[in-house]
Amino acid sequence: MDFGSGLAPRLVPAGQQARADTVILTAVPLGSVLGVPAGVLLGSVADWRAAFAAMAALTLLGYGAAGLLGNLLGGARAARALRPTFVSVAVLLAAATLLLPVLGTDRPGATALLLVRGAAYGAVPVCSLSWFLAAAPGAPEAAGVLFTSVFRATIGIAAPAGGGAVDRTSPGTVLVLAGLTACSPPGPRC
């Protein structure tokens, strides 16, 4: 993903850049769709593990497929209207995350919200990369590396912060904080 995100603009005409980014970034949700369930399934050797694997495959597959769909749809829309697409994705992500403690208390509610969240989150990388590339049109490689670095740094900062919040409060608090973070408006160049 590091190098591919920077190379796409050099490999395709300007009008097809968002589509190329989408193809490159499809690997992330495909890893969720295929890699995680396959690893869980292969690692299962006992009854409880087999049950866990079946449940993981049904849930990580649904979430991953929703992410893949979000990636494809988000990439197509971002090519035409980046800012409105990014705002829509943020609203969906925030709504699904904020509603999870309220409406996700049973299986149908949790499933529906996780699918919405998966689709919204699937569009985040392609929208973010498009934003970085638009901000640095003459340096797509640098924009791609910066995008990947920021994406990883955000996860690296948020994971321990979320863990600390769970230790001090509750998982519901983390969902509220994550939902509020998703409500933050995108930057001016988006």
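Trainee: Where do I start? How many helices and strands are in the protein chain?

Mentor: Start with the elements. This model is predicted, and its protein chain has eight helices and zero strands. Read from the N terminus, the order is α-α-α-α-α-α-α-α.

Trainee: What share of the 190 residues is buried?

Mentor: Burial is read from relative accessible area, and under 20% counts as buried. Here buried residues make up 34% of the 190 in the chain. The chain exposes about 10600 Å², with carbon and sulfur atoms supplying 73% of that area.

Trainee: Could we try one residue? Is alanine 165 buried or exposed?

Mentor: Alanine 165 sits in helix 7. Its relative accessibility is 15%, so it counts as buried. Leaving aside residues up to four places away in sequence, alanine 165 touches Ser170, Val174 and Leu177. The C-alpha atoms of alanine 165 and leucine 177 are 9.2 Å apart, and the two residues are twelve apart along the chain.

Trainee: Now the rings. How many aromatic pairs does the structure hold?

Mentor: To read a pair, look at the distance between ring centres and the angle between planes. The structure holds four aromatic pairs. One of them joins tyrosine 121 and phenylalanine 151, with 6.5 Å centre to centre and 35° between the planes, a tilted arrangement. This pair links distant parts of the chain, as tyrosine 121 is in helix 6 and phenylalanine 151 is in helix 7, 30 residues apart. Tyrosine 121 counts as partly exposed because its relative accessibility is 29%, whereas phenylalanine 151 is buried at 18%.

Trainee: Why is the pair of phenylalanine 132 and phenylalanine 147 edge-to-face?

Mentor: Planes over 60 degrees apart count as edge-to-face. The planes of phenylalanine 132 and phenylalanine 147 meet at 70°, with centres 6.0 Å apart, so this pair is edge-to-face. It also links helix 6, which holds phenylalanine 132, to helix 7, which holds phenylalanine 147. Both residues are buried. Tyr121, Phe132, Phe147 and Phe151 form one aromatic cluster.

Trainee: Finally, which helices supply at least two residues of the lining of the largest pocket?

Mentor: The largest pocket has a volume of about 1000 Å³. It is lined by 30 residues, and the closest to its centre are Leu93, Tyr121, Val124, Thr154 and Thr181. Helices 5, 6, 7 and 8 each supply at least two lining residues, and helix 7 gives the largest share, nine residues. By type, the lining has 23 nonpolar residues, six polar and one charged.

Note on methods: Residues are numbered from 1 along each chain as its sequence is written. This is a predicted model: local features need pLDDT of at least 70, side-chain atom pairs count only at pLDDT 80 or more; totals for chains, interfaces and linings use all residues. Side-chain values use heavy atoms; hydrogens and water are left out. On a 1 Å grid over the protein atoms alone, a cavity is a set of points where a 1.4 Å probe fits but cannot get out, and a pocket is an open set with protein on both sides within 12 Å along at least five of seven lines; lining residues have an atom within 4 Å of a point. Grid points are joined across faces, edges and corners, and a volume is the space filled by probe spheres set on the points. Helices (H or I, at least four residues) and strands (E, at least two) are DSSP runs, numbered from the N terminus. Ala, Val, Leu, Ile, Met, Phe, Trp, Tyr, Cys and Pro count as nonpolar, Asp, Glu, Lys and Arg as charged, and the others, Gly among them, as polar. Buried means under 20% relative accessible area, exposed over 50%, partly exposed in between (1.4 Å probe, protein chains only). Accessible areas come from the Shrake-Rupley method with a 1.4 Å probe; for residues, only the protein chains shown count as cover. Contact means heavy atoms within 4.5 Å. Rings of Phe, Tyr and Trp (its six-membered ring) pair if their centres lie within 6.5 Å; planes under 30 degrees apart count as stacked, over 60 as edge-to-face and the rest as tilted.
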